Amino acid sequence: MPKTSARLLSLLSLLQARRDWPGALLAERLGVSPRTVRRDVDRLRELGYPVAAFKGPDGGYRLDAGTRLPPLLFDDGQAVALAVALRAAATTGAAIREDAVRALATVRQVMPARLRHRVDTLRVTTVEPSPARPHPSVDGALLMTLSAAVHAGEVLRFDYAGASPPEGAARPPRRVEPHRLVSRGGRWYLVAFDLDRADWRVFRADRITPRSPTGPRFAPREVPGGDVAAFVTGRFRGADGSGEWPCRGEVILDLPAATVSRHAHDAVVEELGPGRCRLVLGSWSWTALAAGVGRFDAAVEVVGPQELKDAFAVLARRYARAAAGAPGG
């Protein structure tokens, strides 16, 4: 027979794996008698785990939500933070997705009802991150407030720290229909339909100060294109939600495709032969696109379009003046 401590951990693991366990089946899985299972259940209860008994032909046990979290696990703030992290991890498409989903289910099962309800209202979408850089932190309570408005389908009013209003004018609160919380590149954003501007907007969560109470309920709209991640990516590229850069060009570099692809992010790289590759990439402007190609430090042949060739000419003159120490733009 396993030692009591090891057996208790095995019993707790089984109780977390499914909702209802017949007592006889638990005894069989643990290799002990039903009487030993009853004693072990009592020990778990003494440790704070909310194990409930149910009656019937297959009477047994289940791990229910209690009035508090079992000791030596997490306090309220830590439990919510863990649930938020697991929810975000489960949407990344990374290899840990399945483990994150199972871990979230385990944590949720033993949460008090008040915390479980808050976590259940949280729905997030994670977009592939941009290069790492420091970002303002977002309070967990704010994320819960925003997610609650999304879940309830209620108009949200908030002050938004952005561009300054005209001199002498007060900045009115934004009124939006919140659609989804999005995590992208270390920042949190709220995707919402702006009622005063009659258009979709992406708001930085760290700039939002909610006002209460929330407004009336609304009928959910579909985000343009139907895909939240693609819509957000398109907005960050300065597009209309199609996910395309406003400027896109093609060049040939005197570098192997394997070398370029490591630093090309969302560009298309095609091997043309030993030490040569085709690169198709986009940017906000043609000069930014030309400068982006220059970072590869290799001979460049511009395939097109003409705007990209003109941008290289502009940069050539600008860099020549800079090298000569002359002023100019």
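I started at Leu253, which stands opposite Cys277 in S12. Leu253 falls in strand S10 (247–253). Helices (H or I, at least four residues) and strands (E, at least two) are DSSP runs, numbered from the N terminus. Seven bridges join S10 to S12, and the two run antiparallel. I count two strands as paired if DSSP finds at least two bridges between them.

The model is a predicted one: local features need pLDDT of at least 70, side-chain atom pairs count only at pLDDT 80 or more, and totals for chains, interfaces and linings use all residues. Residues are numbered from 1 along each chain as its sequence is written, and side-chain values use heavy atoms, with hydrogens and water left out.

S10 and S13 pair in the antiparallel sense over four bridges. Here Ile252 stands opposite Glu301 in S13.

What is the strand order of this open sheet? I read S11-S12-S10-S13, with antiparallel pairing. Strand S11 (268–273) and strand S13 (300–304) are the edge strands, and each pairs on one side only. Neighbouring strands are turned by 25 degrees against each other on average, direction ignored. For such angles, axes are lines fitted to C-alpha atoms, for helices over the stretch in contact, and angles run from 0 to 180 degrees between N-to-C directions.

Five bridges join S11 to strand S12 (residues 276–283), again antiparallel. Glu271 stands opposite Cys277 in S12. I had already noted Cys277 opposite Leu253.

I checked burial in S10. Five of its seven residues are buried, and I note the strand as mostly covered. Buried means under 20% relative accessible area, exposed over 50%, partly exposed in between (1.4 Å probe, protein chains only).

**Entry: helices on that sheet**

Which strands does helix H10 touch? H10 (residues 286–294) packs on the sheet and touches S10, S12 and S13. Its direction makes about 25 degrees with that of S10. Contact means heavy atoms within 4.5 Å. Helix H11 (residues 306–323) lies across S10 and S13, running at about 145 degrees to S13.

I then compared the two helices. Their axes, H10 and H11, come within 8 Å and cross at roughly 75 degrees. H10 and H11 are therefore roughly perpendicular to each other. The classes are: under 35 degrees roughly parallel, over 145 roughly antiparallel, 65 to 115 roughly perpendicular, and the rest oblique. H10 brings residues including Trp286, Leu289 and Val293 to the contact. H11 brings residues including Leu308, Phe312 and Tyr319. By class, the contact has 11 nonpolar, one polar and one charged residues. Ala, Val, Leu, Ile, Met, Phe, Trp, Tyr, Cys and Pro count as nonpolar, Asp, Glu, Lys and Arg as charged, and the others, Gly among them, as polar.

**Entry: Ala257**

Is Ala257 buried or exposed? I find Ala257 buried, with a relative accessible area of 11%. Ala257 lies in helix H9 (residues 257–261). Leaving aside neighbours within four places in sequence, Ala257 is in contact with Val269, Glu270, Glu271 and Cys277. The C-alpha atoms of Ala257 and Val269 are separated by 6.2 Å, and the two residues are 12 apart along the chain.

**Entry: the three-stranded sheet**

I moved to the other end of the numbering. An open sheet of three strands has the order S1-S3-S2, with antiparallel pairing. Its edge strands are S1 (21–22) and S2 (51–54), and each pairs on one side only. S2 and strand S3 (residues 60–63) pair over four bridges. Ala53 stands opposite Tyr61 in S3.

Helix H1 (residues 4–17) lies across S1, S2 and S3, at about 80 degrees to S3. H1 also packs with helix H3 (residues 34–46) at about 85 degrees, with axes 10 Å apart. That makes H1 roughly perpendicular to H3. Among the residues that meet are Leu8, Leu11 and Leu15 in H1 and Val41 and Leu44 in H3.

**Entry: whole chain**

The chain has 11 helices and 13 strands. Of its 329 residues, 39% count as buried. Among contacts between residues at least 6 apart in sequence, 58% join residues at least 24 apart.
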